Amino acid sequence: STPISGAQPHRCRTGVRFAPARAKCIESPLKTQPMNVEHRFERNSSCSSSLSEASTGSIGQLVEECSIHNWRSPLRCTIPEPGADIVVALGKFDAMHAGHRALATQAASMGHPLLLSFSGMAEVLGWPQRMPLVAPPDRPRVLQSWREACGGRVPHQRFVPFHEIRTMSPQQFVEVLARDLGASGVVAGRNYRFG
């Protein structure tokens, strides 16, 4: 893997761009050509109608809680901006504080920002259950308030089941982001770890 340096995003052979923040490029071992955004969108062009129907608690149109059955649905199904690159900001996003807004802002500089978080972490890791600092009904309001910081784009948020991705290698996770979800870029904070 190659460390990132400088201020410009870096594109890996998987087609996923990483914003500089101590991120590393994870190269794909596959013998395929690099995927560009159009190729991924073409491959993921049909959005599952079950995405909204099978969501286990969609909050407005900005926050989506996925189940084990639909978490790999293309991200572009939830973004109202046709043809936009979707850039994932990775994190827990329980507090939705200024640092989280900075991640969304960085993602917005590269495409349409989507916060990707994980549900069920406490159960899987044996942590005590606690409510997020920003309650689920307040999340759409907070995301709407980030519009100006994100260049006019309102970030979306998707929660995926943590137990579905916990055992993936960093490379497998990046490949899921690029191939299944159709992300064209990823941003993460300095203390984020893959795996």
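Asp94 lies in the loop between β6 and α3, where helices (H or I, at least four residues) and strands (E, at least two) are DSSP runs numbered from the N terminus. The structure is a predicted model, in which local features need pLDDT of at least 70 and side-chain atom pairs count only at pLDDT 80 or more, while totals for chains, interfaces and linings use all residues. Residues are numbered from 1 along each chain as its sequence is written, and side-chain values use heavy atoms, with hydrogens and water left out.

With a relative accessible area of 16%, Asp94 is buried; here buried means under 20% relative accessible area, exposed means over 50%, and partly exposed is in between (1.4 Å probe, protein chains only). The side chain of Asp94 makes a polar contact with the side chain of Arg130, at 2.8 Å. A polar contact is a pair of N or O atoms within 3.5 Å; within protein, one must be able to donate a hydrogen and the other to accept it, and residues adjacent in sequence count only if both atoms are side-chain atoms. When neighbours within four places in sequence are left aside, the residues in contact (heavy atoms within 4.5 Å) with Asp94 are His100, Arg130, Pro132, Leu133, Val134 and Arg139.

Two further residues of this loop deserve a look. Phe93 is found between β6 (86–90) and α3 (98–108), and has a positive phi of about 55° although it is not a glycine. Phe93 counts as buried because its relative accessibility is 0%. Met96 also sits in the loop between β6 and α3; this residue, again not a glycine, has a positive phi of about 55°. Its relative accessibility is 7%, so Met96 counts as buried.

Attention now turns to strand β8. This strand spans residues 156–161 and is mostly covered, with six of its six residues buried. In a regular strand the side chains alternate between the two faces of the sheet. In β8, His156, Arg158 and Val160 point one way, Gln157, Phe159 and Pro161 point the other way, and all are buried.

Strand β8 also has pairing partners, and two strands pair if DSSP finds at least two bridges between them. Strand β5 (residues 63–65) runs parallel to β8 and is joined to it by three bridges; Glu64 has Arg158 of β8 as its bridge partner. Strand β7 (residues 112–119) is likewise parallel to β8, with six bridges joining the two. Here Ser117 stands opposite Phe159 in β8.
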